[in-house]
Amino acid sequence: VEAYEGGYVGENILGSGWSCDVTVHLGAGAYIAGEETGLMSSLMGGRAEPWIKPPFPAQSGAFGRPTTVNNVETLAAVPMIVEEGADWYRQWGTEKSPGTKLWCCSGHLERPGTYELPLGVNLRDVIYEVCGGAPNGKKIKAVIPGGSSTPMLTDAELDCSGCYEGMAEAGSALGTASPIVMNEDTNIVSAMRRIAQFYAHESCGQCVQCREGTSWTAKILHRIETGDGTAEDLDTLYHLCEQMTGRTICPLADSVVFPLLSSLDKFKDEYEALIKR
């Protein structure tokens, strides 16, 4: 409303002869509607199902027109960069990852929350200095640094640069910069089962590898968690990961694979202990 009243949006913006309207649409309420082509499918009145690319949205997107998709965090930074210049924005961050990032920190933390921090900040500093570490003096067992779809890191691996290239070097990904912290009492198998259940529920069901893979992954993890797992289940999980990676229209199936593989590699003893039980 303020933008329309100020003449920054609408007809003949600031006397330039150029007109532009802003329309706000209620989202479809599904996780998959956050994927850019799934979002446009929803916007056009269909199911929030991603589509195969090409054509890319910039070629043919919403309603068959060239479409640029940005998230709110990106758009929020644009006015400051326009006003202050690129060099001003580059005073933060790294050469390859300039600027700041909103870190949405959750899990077993003294001070969970959303913090704007420079890209390249040490991940250990984010967890321990900014967020205060785990409550009650507990040790940290694992951190999923970029949201639930990225590989887990152990406490010993947190001394890494919180930027896109730095997290890749550490064996994970920056993703949405949303660290999920798990303390020493966390049952990794239970945590991974919960993640798999979420993605199985949110899969749009188009791709067999995702529809069946996420569902079976959740079922197998539940079986292991409840003490009914077998040694063969671990081999099956590895096989499922192989079949689900890079074989679907969107990366939702991969979002299960990355944390699952890292948990199997780094906390396999916890899986085996539940199976032996």
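**Salt bridges, cores and helix packing in a predicted chain**

K138 is partly exposed, with a relative accessible area of 33%. Here buried means under 20% relative accessible area, exposed over 50%, and partly exposed in between (1.4 Å probe, protein chains only). The structure is a predicted model, in which local features need pLDDT of at least 70, side-chain atom pairs count only at pLDDT 80 or more, and totals for chains, interfaces and linings use all residues. Residues are numbered from 1 along each chain as its sequence is written, and side-chain values use heavy atoms, with hydrogens and water left out.

K138 pairs with D185 in a salt bridge, the closest N and O atoms being 2.9 Å apart. The two residues sit 47 residues apart, K138 in the loop between α5 (123–130) and β4, D185 in the loop between β7 (180–183) and α7. D185 is exposed, at 51% relative accessible area. A salt bridge is a side-chain nitrogen of Lys or Arg within 4 Å of a carboxyl oxygen of Asp or Glu. Helices (H or I, at least four residues) and strands (E, at least two) are DSSP runs, numbered from the N terminus.

The chain has 11 helices and 7 strands. Its C-alpha trace spans about 75 × 45 × 30 Å along the principal axes. Of its 277 residues, 39% count as buried. Contacts (heavy atoms within 4.5 Å) were also sorted by sequence separation. Among those with a separation of 6 or more, 54% join residues 24 or more positions apart. The chain exposes about 15,000 Å², of which carbon and sulfur atoms supply 54%. Accessible areas come from the Shrake-Rupley method with a 1.4 Å probe; for residues, only the protein chains shown count as cover.

The largest nonpolar core comprises 36 residues. M152, M192, I224, L237, L260 and Y271 have the most contacts inside this core. At least two of its residues come from each of β4 (140–144), α7 (188–202), α8 (208–225), α9 (231–244), α10 (252–266) and α11 (268–276). A second, separate core holds 20 residues, including C105, L109, L123 and M167. A nonpolar core is a set of buried Ala, Val, Leu, Ile, Met, Phe, Trp, Tyr and Cys residues joined through side-chain atoms within 4.5 Å. L260 touches M192, T217, L221, L237, C241 and Y271, leaving aside neighbours within four places in sequence.

Helix α8 has 18 residues, which at 1.5 Å a residue should span 26 Å. The expected span is 1.5 Å times one less than the number of residues. The end C-alpha atoms of α8 are 25 Å apart, which agrees. Its buried residues are C210, G213, T214, T217, A218, I220, L221, I224 and E225. An α-helix has 3.6 residues a turn, so residues three or four places apart point the same way. The buried residues of α8 pack against α7, α9, α10 and α11. Just after α8, G227 takes a positive phi of about 90 degrees.

The side chains of R193 and E225 meet at 2.7 Å, N to O. R193 lies in helix α7 and E225 in helix α8, so this pair ties together parts 32 residues apart in sequence. R193 is buried at 16% relative accessibility. E225 is buried as well, at 17%. R223 forms a salt bridge with D233, with the closest N and O atoms 2.6 Å apart. This pair joins helix α8, through R223, to helix α9, through D233, and so ties together parts 10 residues apart in sequence. R223 is partly exposed at 33%, whereas D233 is buried at 5%. The structure holds 11 salt bridges. R124, D155 and D159 are linked in a network of salt bridges.

Other features lie toward the start of the sequence. I13 is in the loop between α1 (2–5) and α2. At 10% relative accessibility, I13 counts as buried. I13 touches G7, Y8, W18, S19 and C20, not counting residues up to four places away in sequence. L39, L43, M44 and F63 make a nonpolar surface patch of about 350 Å². Patches are made of residues with over 30% relative accessible area and no salt bridge; like charges are joined within 9 Å, and nonpolar side chains (Val, Leu, Ile, Met, Phe, Trp, Tyr) within 5 Å. F63 lies in the loop between α2 (36–43) and α3 (72–84). F63 is exposed, with a relative accessible area of 58%.
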